[in-house]
Structures are given as C-alpha cells and as structure tokens.
Amino acid sequence: MKALLAMLFAMTLAGRAIAGDCQLASSTCVDSSASKTISGIVVTLAQVGGCWEYQDTYTCIKPEAIDYCAALTTAGCGQIGSTCSDTAFNGTCNTYSKTFQCGTDQGEPSNTLRLSNSYTLLTDAADASACSSYAQNARCRLAAHTCVDSTPCKLDASGATVCLAGVKPPEGGLNSTAICWRYQDDYSCIADNPLDYCAAIKATAGCSLAASTCDSTAFDGSCNQYTRQYRCTNVAAATNPPTVVQLDTSYTITSNTLDTSGCTSLSESSNCVHAAHTCTDNE
C-alpha cells in the first residue's frame, strides 16, 4: 500500500510544473472525500495528504499583445505620454495607458477614450530675477525695455501649443496673456568712482580751472559729464595727456576805447574839421 501511495504523489507533482512565461496563481482542493477504496483497499483522506484532487490556476503572459492604440499611430497622431497601469509577475507591463496628440479629429476608435482639449497655464508672468540687482539699486534706472522674442506660437513642456495674446492659436492650442516671450532690459547707472580725465592738468603747476560746463545730467540731477577749461601759465608744462584737447592761446582785452586826447585842441577848434581817420598800427 505504501508503494502505491508514493506513485500517486509523484504523478500529482509532475502535473504541476511551472512554465517560464506562466506563474501559479492558485491551487484549490476539489476532492476532499473522507476515504476511497482503491483496488479493494480503503484509503483515508489523511493518508493521501488531505486532498484527492487539486485544481491549479496559472497566470500567463500572452506572446502577442493587442495594441488598441494602433489606429491612432497609423493616423499620424503623436504619442505624448505613456503610463503602465498593470504590471506582470516578471516585471513587464500588462496594460498601458497612452496619451496621443492628433492634428485632426480622429473620432473615437474602439477601445479608446477621448480626452478633452483643455490645458491650464500654471504661470504667465515675466521672470525679472536676472535684473533684480539693477532694479533694486537706487543709483540705477531702467533705460530701455525691448522685446527680443516675439515668436507667435510655441510648444510648452506638455506639448501644448501656446500663442501670444492677439494671435489665433491652432486647434487645441491656447493663448497666453503675454505679448512677448522674452525681454531685454537695459539699465543706466551712475558710476560710484567716475574717471577724472582732467587730473593730469589739475596736477600741473601753473594750471588753474577757468571754466566748467555740464554736458550730460543723470536722472537724479547729478552731472554725468563735464567739459572743463584750464588756463596754464607754464607753457613748458606737458598739457596734452590723452582725452585732453589743447586750446589756442587766448587773451582778454581789458579796455577797448580810443585815446583821442592828442587831438582835443584840434577837435575843439572852430577853425578845424575832421578830414580823415587812418589806422597807423595794425599789429
């Protein structure tokens, strides 16, 4: 009797071998009779290990999966997302949820869920952080604000088409409230340590400031650029450093009147008249 039982167990185990692409999901006892008579011998349930017959259920990976998105791929729609919603026992994906973007309406193919053509702009504000050091400096002022990228429409990170305000977007696209994608800001700043190009003349012995004119005024009222004139009495001094223009020698006439005292007696005489006025020294 023991030899017969060993043979029965061996036959049962051989029928439960697992293939490489399948996995045992469950094993259920379908015959738990208390005892049976085999070849005239009564065998109890305990003697056979608690079950006469098992029903095994296996989970297997199909060698050829069905691609329900093939119709969209064939129609020229582009895949923009893919998510695995069910993973097999060996780590491979059983079911994918794929998102496609189509240029034209493809209807609703079988086994396909059509999503709404809606997008949400998370942010629509200019990022001016690169200019913050100048914008917060009291000695700087915005001089020019220029648009350097006015491309009508662009694709965002999700693949959606976003157009500038006033531009008609394509089907499925949307508009931004912005009228420019990128700006260039130019700032005018007052120098903390301006260069004094007149320093060489100022330091020359015999030279003194004769006149000073402001040629350009900053936004805060201070002068950006001066034109200064120096008068130098030492003609041998080097007064031609770079950025300095040497002016012609200048003189000032302190008096410009005629001395007619030598002719007073003649001009006051009733017997004389003024006959001629002739220059006798033009040097």
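## A walk through the bridges, rings and disulfides

Select D149 to start: D149 is buried, with a relative accessible area of 15%. Here buried means under 20% relative accessible area, exposed means over 50%, and partly exposed lies in between (1.4 Å probe, protein chains only). You are looking at a predicted model, in which local features need pLDDT of at least 70, side-chain atom pairs count only at pLDDT 80 or more, and totals for chains, interfaces and linings use all residues. Residues are numbered from 1 along each chain as its sequence is written, and side-chain values use heavy atoms, with hydrogens and water left out.

**Stop one: salt bridges**

The term covers a side-chain nitrogen of Lys or Arg within 4 Å of a carboxyl oxygen of Asp or Glu. K154 is partly exposed, at 33%.

How many salt bridges does a search of the whole structure find? The search finds four. Another of them is K36 with D31, where the closest N and O atoms are 2.5 Å apart. D31 counts as buried at 15% relative accessibility, while K36 is partly exposed at 30%. Then select D196 and K202, whose side chains meet in a salt bridge at 3.0 Å, N to O. Both ends are partly exposed here: D196 has a relative accessible area of 34% and K202 one of 45%.

**Stop two: rings**

Now select Y134 and Y187. The structure holds one aromatic pair, and the ring centres of Y134 and Y187 are 5.8 Å apart with the planes at 20 degrees, so the pair is stacked. This pair links distant parts of the chain, with Y134 in helix α3 (residues 132-135) and Y187 in strand β11 (residues 182-189), 53 residues apart. Rings of Phe, Tyr and Trp (its six-membered ring) pair if their centres lie within 6.5 Å; planes under 30 degrees apart count as stacked, over 60 as edge-to-face and the rest as tilted. Helices (H or I, at least four residues) and strands (E, at least two) are DSSP runs, numbered from the N terminus.

Next, select Y96 with K98: the charged end of K98 sits over the ring of Y96, 5.3 Å from its centre. To count, NZ of Lys or CZ of Arg must be within 6 Å of the ring centre and within 35 degrees of the ring normal. The charged end of R228 likewise sits over the ring of Y226, 4.6 Å from its centre.

**Stop three: disulfides**

A search of the whole structure finds eight disulfides, each a pair of cysteine sulfur atoms within 2.5 Å. Select C140 and C189, which are joined S to S at 2.0 Å. This pair links distant parts of the chain: C140 lies in strand β7 (residues 140-149) and C189 in strand β11, 49 residues apart. C140 is buried at 11%, whereas C189 is partly exposed at 37%.

Move on to C207 and C232, a disulfide with its sulfur atoms 1.9 Å apart. That pair also links distant parts of the chain, from strand β12 (residues 207-217) to strand β13 (residues 223-232), 25 residues apart. The torsion about the S-S bond of C207 and C232 is about 115 degrees, so the disulfide is right-handed.

**Last stop: the whole chain**

Zoom out to the protein chain, whose secondary structure comes to five helices and 13 strands. Buried residues make up 12% of its 283 residues.
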